[in-house]
Amino acid sequence: MTCASPELIIFDSDGVLVDSEIIALTVLVRTASKEGVAISMEDAIRSFRGVKMTDCVREIERRLGRSVRDTFVADVRQATALAFDAELRPVEGIHAALAAITAPVCVASNGPMSKLTHALG
């Protein structure tokens, strides 16, 4: 049996192309702490890795027993953008892997387009 060449390869951005997940979770943990809830990195990885921001906020609010401040999400996004500027790097070996692929590729993400564009920039 022969394998057909793929028509398209779809990559996730976070954790596949760029090493962004730990940076973003660190920002979320720090911002949640300022809001009044302590979350360890281990708990954040378990609870929030790959989770949509609205679901993260819902869980943080559950732990707080109240709503987060109105600027919480904007604060997280702004701090994440600054952290990406300072710390974001491609996943090791991804450039060579992409260069070896002959099929068309694209990127999919659960996050907002602005975050994706920033992370891949």
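Predicted model: local features only at pLDDT ≥ 70, side-chain atom pairs only at ≥ 80, totals over all residues.
Leaving aside neighbours within four places in sequence, which residues is Cys-56 in contact with? Residues are numbered from 1 along each chain as its sequence is written, and side-chain values use heavy atoms, with hydrogens and water left out.

**View 1. Cys-56 and its contacts.** Cys-56 lies in helix H3 (residues 53–64). Helices are DSSP runs (H or I, at least four residues), numbered from the N terminus. Beyond its neighbours within four places, Cys-56 is in contact with Leu-28, Phe-48 and Val-51. Contact means heavy atoms within 4.5 Å. Leu-28 is 28 residues from Cys-56 along the chain, and their C-alpha atoms are separated by 8.9 Å. Cys-56 is buried, at 3% relative accessible area. Cys-106 is partly exposed, at 30%. Buried means under 20% relative accessible area, exposed over 50%, and partly exposed in between (1.4 Å probe, protein chains only).

A disulfide is a covalent bond between the sulfur atoms of two cysteines. The search of the whole structure finds zero disulfides. Here the term requires a pair of cysteine sulfur atoms within 2.5 Å.

**View 2. The largest pocket.** This pocket has a volume of about 590 Å³. Its lining has 26 residues, and the closest to its centre are Asp-14, Ala-24, Val-51, Arg-77 and Lys-115. On a 1 Å grid over the protein atoms alone, a pocket is an open set of points where a 1.4 Å probe fits, with protein on both sides within 12 Å along at least five of seven lines; lining residues have an atom within 4 Å of a point. Grid points are joined across faces, edges and corners, and a volume is the space filled by probe spheres set on them.

Helix H1 (21–35), H3, helix H4 (72–87) and helix H6 (113–120) each supply at least two lining residues. H4 gives the largest share, five residues. By class, the lining has 11 nonpolar, eight polar and seven charged residues. Ala, Val, Leu, Ile, Met, Phe, Trp, Tyr, Cys and Pro count as nonpolar, Asp, Glu, Lys and Arg as charged, and the others, Gly among them, as polar.

**View 3. The second largest pocket.** Its volume is about 210 Å³. Of its 14 lining residues, Val-18, Pro-90, Ala-119, Leu-120 and Gly-121 lie nearest the centre. H4, helix H5 (94–100) and H6 each supply at least two residues of this lining. The classes are nine nonpolar, three polar and two charged.

**View 4. Arg-66 and Glu-35.** The side chains of Arg-66 and Glu-35 meet in a salt bridge (3.0 Å, N to O). The pair links distant parts of the chain: Arg-66 is in the loop between H3 and H4, Glu-35 is in helix H1, and 31 residues separate them. A salt bridge is a side-chain nitrogen of Lys or Arg within 4 Å of a carboxyl oxygen of Asp or Glu. Arg-66 is partly exposed at 40%, whereas Glu-35 is buried at 7%. The whole structure has nine salt bridges.

**View 5. Arg-63 and Asp-43.** These side chains also meet in a salt bridge (2.5 Å, N to O). Arg-63 is in helix H3 and Asp-43 in helix H2 (residues 41–48), 20 residues apart. Arg-63 is partly exposed at 26%; Asp-43 is buried at 16%.
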